[in-house]
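Please look through the sequence and the model below before reading on. The paragraphs that follow go from one region to the next.

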Amino acid sequence: MAPTTGDPAVEATDLRKAYGAAVALDGVSLSIPAGTVYGFLGPNGAGKTTTMRLLTGLSRPDSGRVRVCGVDVADRRALASHVGYLPETPPLYEEFSAREQLEYVADLRDLPRDVAAERIDRYLGAFDLAADADRRISGYSKGMKRKTAFVQAVLHDPDVLFLDEPTAGLDPRAARRMRESMVEFADGGATVFLSTHILPVVEAVADTVGVLFDGRVVAEGSTDSVRSRAEGEGGSLEDAFLAVTGGREGAPPADGGESGSEDPAARR
Amino acid sequence: MSLRRDLRGGSRIARAEFRRSVRQYTGDWRRLLGLVVAVVFVGGGLLVTVPAVYVLGRTTRSVSSIPGFAPVATVLPALLVVFAAFRTVERIGGADGEALLLTTVHPRAVVVGLVGSEVARLAAWFGVPLAATVAAFALGVGSPTFPITAAAVAVPMLCCAAVWGYALGLGLLRVLRRLPRLRRLVKWVGIVGVLVAVVGSQAAGRLVAERAVAFAAVLDAVTFAPVAEYVALAFVGTPLSRPVSLGALAVLAGVVCLTPVGLAVATRQASAVWFTDAAADPASAAKRATTGGFDVPRPFAAAAAGRVAWGHLLRAARHPQELSHLLLVVFFAGPLGSAFVGSSGEALGILIAGTGVGLATYLAGAAFGLNPLGDDRPQLPLVLLVGVDARTIVRGRVLAGVAVGLPVAVLLPAVGAGIGAPPGVAAAFAAVGGLLCVTASTFAVGVGAAYPVYEERKFWGSETVVPSTLVMLTYLAVVGGGTAIALLLTWYGLAGLTLSPGLGVGLAAYLLLTIGVPYGCYRYAVRRYRRYTVG
């Protein structure tokens, strides 16, 4: 079920999350229209992984609300068909082959066998995994694992795709294929929420960019508008990123909160 | 509709998890070897058990004449719940690939899948011996329907115990998450509990035999007739059958009704555990800090190997989970337990002194020496390229082990002397213990380097790289035997034993082996480090 017309694909309102005394998110609000590739940027420890976990319902906010395609993320049964999630560590079973893994996920999602078989073959071919599809995942390279995990995240044709560092560890060809896939998904009406450190990827595919720093969204808008924040310093997205996040990684936040530490959710 | 869908999803998860377990076992020859040993061990036991159960079936005239039937039948469901809770805390409280499963299916399906896979694994381990035992009893009783009725009674009870045990286990995990300090305390309580159980079990048999009447009274007290009558339903259709009581039927109805309730409770507990975050641990790694740099104290600072040893000791103190494999020695404490209980005065003092030496030699090698390459694996690209000679690396491990063992070798004999051991004996034991710590630690690095284990595994609640069990048992046998011989020779030497030619030859051979084998092991370990390639 795609979001009804006018409903944002992802809507987060005033999200707050703390781990003990460490505030991970402090009043984050997002409203992402369907069909958007949303580039989510932030330095280490900014709270990106925490945000992803809250948006996918894998963690609960201390306060605030998240709806994906109009569905409250607490309603897990209704949410499952809408979202696909590729975490930073691919959730794969090393004892399975890629084909077994994908068939297992298709089975859990109750995809009809013929549909599943067609999609699995198509994606395996598209990501150059067909020749190794029957090898155990334990023997895969990091890039192959990431590609397999990407395929399992999109197998059910989700409305919203959450990707955490999807191109990390990929060779240039695979990275390009991944970027093309994101754009294809967005062109098909799906929403892609892309969290990454690789700024050229964001520049290449994102329609909208949000920058998270110290648990807050400190810049948001089209790629060009965010880039314009650094006009005086060269005008690249990297310059803009450095400008809005204090100029260096882990820079002390204005309120003296914890910074430079890893995102608590990423450590879980 | 949603229940059916969750059960379907759960069965798929259970099947996949079971298949993964089978592949993990069959893909590792060490595990297969362990499986073969288990099969031989259990098979040997069955050779005795099956005929005994057959005879029991032949001779039993009524259910009540089966020894301990009522109390065992009463306690059994509670034990199953506790066992399920234990397995939940230890293994199935969470799923591998949690992010995938929880964004794909409802948590109830994951609960069903995890519990189902664990039941399947346990059935694979214990199914054959249990089936053989039940079949033997059925043959003895002369009732072919007994396996069917037994299964009809067992399955509802197992399902109920499994879901409630899972709910209980997850409840414990929630509590431990909220109270991280309690979690650490529980680990220590668990270790002490196992020690008490192992030592206590040695005295339990004697206690039961001596106080048979009191024990019978305890059994009577724990018996709850309706539950025992429910379990006795397994004998319906056999010559042992007794009239079906209302109490038994009420228990059956209760078990059937409580199972879906337990599943609902378990699902709520699972959602609470899986979708909430652990309370911030005040002692969490993120908040720990050290000032002052890498200051190595004397005498470790005197040599490069000493500084390496200090590094091992410091890391072990900050991350003691890496030494969790040392707890294996707890299982050897049983025989000593009864010896301690039965001794006093001088004998107790000598026993403590000797035990101290044994413990010291064990710690000296087992702490840092039994898996040197495996322990160092993540740092090997640094260690091998930093320019430190392999001898220094190996000597560092040996020294670190000696630093752990030596204080024990000195202190416990001193305690023994305080209790009543002759000071001369205690001092001699301490001196011999100190020397043996060096040889044991040197021996360990060779044995450990011969069979490195690189994979992390869960051991006593900690995910860490631990030495191979085979290596540990080999080490225990050799060093334990060698230490015992050394202590006996010391004891007889102090008692003024005359050295006959035969004994002299034996002593020389012992000394040669005690020095020569560890030296050879040391050389071997150095060579392994020098020739090691990452790959």
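Is Arg20(B) buried or exposed? In this predicted model, Arg20(B) is buried, because its relative accessible area is 6%, under the 20% that marks a buried residue. Its partner Glu17(B) is buried as well, with a relative accessible area of 9%, and the side chains of Glu17(B) and Arg20(B) meet in a salt bridge with an N to O distance of 3.1 Å. The two residues are three apart in helix H1 of chain B, which covers residues 2-26, and so they are separated by about one helical turn. A further set of salt bridges, linked through shared partners, joins Asp107(A), Asp110(A), Arg5(B), Arg8(B), Arg12(B) and Arg15(B) into one network.

Side chains of opposite charge can pair when their charged atoms come close, and the count over all chains comes to 31 salt bridges. One of them is formed by Lys145(A) and Glu94(A), whose closest N and O atoms are 2.7 Å apart. This pair links distant parts of the chain, since Lys145(A) belongs to helix H5 of chain A while Glu94(A) sits in the loop between strand S6 (83-86) and H3, 51 residues apart. Glu94(A) is partly exposed, with a relative accessible area of 35%. Another salt bridge, at 3.6 Å from N to O, brings together the side chains of Glu180(A) and Arg177(A), and both of these residues lie in helix H6 of chain A (residues 172-187), three residues apart, or about one turn of the helix. Glu180(A) is partly exposed, at a relative accessible area of 37%.

Helix H5 of chain A, the helix that holds Lys145(A), runs over residues 142-154 and reaches 19 Å from its first C-alpha to its last, close to the 18 Å expected. H5(A) is mostly covered, with eleven of its 13 residues buried, among them Met144(A), Phe150(A) and Val151(A).

Two loops of chain A contain residues with a positive phi. Cys69(A), in the loop between strand S4 (63-68) and strand S5 (71-72), has a phi near 55° although it is a residue other than glycine, and at 4% relative accessibility it counts as buried. Asp110(A), a member of the network described above, has a positive phi of about 60° and is found in the loop between helix H3 (98-108) and helix H4 (113-126). Asp110(A) is partly exposed, with a relative accessible area of 30%.

Chain B has 19 helices and two strands, and its C-alpha trace spans about 80 × 60 × 40 Å along the principal axes. Of its 535 residues, 40% are buried. Helix H17(B), at residues 423-450, reaches 40 Å from its first C-alpha to its last, and 20 of its 28 residues are buried. In the loop between helix H10 (246-274) and helix H11 (304-318) of chain B lies Pro299(B), which a cis peptide bond joins to Arg298(B), with omega about 0°.

Arg60(A), Arg174(B), Arg178(B) and Arg268(B) form a positive patch, in which Arg174(B), from helix H6 of chain B, is partly exposed at a relative accessible area of 33%. A nonpolar patch of about 480 Å² is made by Val175(B), Leu179(B), Leu182(B), Leu185(B), Val186(B) and Val189(B), and helix H7 of chain B (residues 180-210) supplies its largest share, four residues. Val186(B), found in H7, counts as partly exposed at 40% relative accessibility.

How values were computed. Residues are numbered from 1 along each chain as its sequence is written. Chains are lettered from A and ligands numbered from 1 in the order in which they are written. This is a predicted model: local features need pLDDT of at least 70, side-chain atom pairs count only at pLDDT 80 or more; totals for chains, interfaces and linings use all residues. Side-chain values use heavy atoms; hydrogens and water are left out. Patches are made of residues with over 30% relative accessible area and no salt bridge: like charges are joined within 9 Å, nonpolar side chains (Val, Leu, Ile, Met, Phe, Trp, Tyr) within 5 Å. Accessible areas come from the Shrake-Rupley method with a 1.4 Å probe; for residues, only the protein chains shown count as cover. A salt bridge is a side-chain nitrogen of Lys or Arg within 4 Å of a carboxyl oxygen of Asp or Glu. Lys and Arg count as positive and Asp and Glu as negative; His and the chain ends are not counted. The place of a charge is taken as NZ of Lys, CZ of Arg, CG of Asp or CD of Glu. Buried means under 20% relative accessible area, exposed over 50%, partly exposed in between (1.4 Å probe, protein chains only). The expected span of a helix is 1.5 Å times one less than its number of residues.
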